[in-house]
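Please keep the structure in view while reading.

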Amino acid sequence: MKISLSMLKSIWLFLIVILIMAGRGLPVLVLVIFLILALAAPLIREFRKRTDLDERQIHISRFSSHIAFYIYIALVLLVMVNKFIAVGENPSNEFYMLLLVPMVIKFFISVFQNYEPIKAARSIGFLFGGSWLLFVILSHGISIEFIIEALPFLLLIAAAWLSCRYPRPSGIVYTVLGLATVYFYIRSNFDFYVKLIMFTILSLPLLLSGVAIFLSINIRKGEL
């Protein structure tokens with residue numbers, strides 16, 4: 001009997017979990033490197049154009065992944081609620097990381113798959129620039145601190161506004177702001193999980209948008 005793609009993925013991920021359980025005595029660095037290589041295989045497979053799979057196999061694989069994703073989110077929420085009820089304290093940062101990071105990445109993938117690169121980057125710029133600008137206003141009101149902290153987000157909104165007419169400068173602004181936030185989080189004293197959350201909800205969309213804009217420019221050049 002031919003094993004379907006979704007079954008192969010499930011078996012592969014199950015073996016990774018077994019590896020984690022069995023490799024507790026291994027050095028952490030060795031285990032991390034091996035896990036990265038193991039997880040890279042199915043991810044690379046997703047981005048490759050496959051001609052040996054029919055539409056039914058692809059649909060089953062994506063449907064099962066979709067259901068598994070929401071079950072995972074439900075389980076994380078269940079653990080968070082149970083922890084809050086049992087202990088009476090807010091869950092620790094790692095739970096918020098486990099909840100937010102997959103959801104935000106799913107959102108980014110949906111945006112870039114549904115819209116042209118520049119339009120997707122523009123939408124992300126308006127959404128995240130406006131959201132963070134609102135957060136700064138609520139935190140500081142109209143003050144000197146607001147002006148200082150709002151400048152990067154105002155620059156992001158301006159880059160999003162001009163991205164269709166001036167894609168290259170806008171792409172540079174997105175990329176520079178993304179790298180600047182990465183540098184800031186690396187140098188900060190935030191908890192590791194907080195850094196990962198902030199990278200996902202701020203740095204990653206900026207960097208992805210910058211890359212998308214430059215790819216769009218190259219595609220347009222190739223079509224001319």
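## An exposed leucine

Leu78 is exposed, at a relative accessible area of 56%; exposed means over 50%, buried under 20% and partly exposed in between, with a 1.4 Å probe and protein chains only. Leu78 belongs to helix H3, which spans residues 55-87. Helices here are DSSP runs (H or I, at least four residues) and strands are E runs of at least two, numbered from the N terminus.

This is a predicted model, in which local features need pLDDT of at least 70 and side-chain atom pairs pLDDT 80 or more, while totals for chains, interfaces and linings use all residues. Residues are numbered from 1 along each chain, and side-chain values use heavy atoms, without hydrogens and water.

## The nonpolar patch

Together with Phe63, Ile67, Ile71 and Leu75, Leu78 makes a nonpolar surface patch of about 500 Å². Patch residues have over 30% relative accessible area and no salt bridge; nonpolar side chains (Val, Leu, Ile, Met, Phe, Trp, Tyr) are joined within 5 Å, like charges within 9 Å. A salt bridge places a side-chain nitrogen of Lys or Arg within 4 Å of a carboxyl oxygen of Asp or Glu.

## The second largest pocket

The second largest pocket has a volume of about 430 Å³. Its lining has 19 residues, and Phe153, Thr181, Phe184, Tyr185 and Leu202 are the closest to its centre. On a 1 Å grid, a pocket is an open set of points for a 1.4 Å probe, with protein on both sides within 12 Å along at least five of seven lines; lining residues have an atom within 4 Å of a point.

## The whole chain

The chain has eight helices and zero strands. Of its 224 residues, 30% count as buried.

Conventions: Accessible areas come from the Shrake-Rupley method with a 1.4 Å probe; for residues, only the protein chains shown count as cover. Grid points are joined across faces, edges and corners, and a volume is the space filled by probe spheres set on the points.
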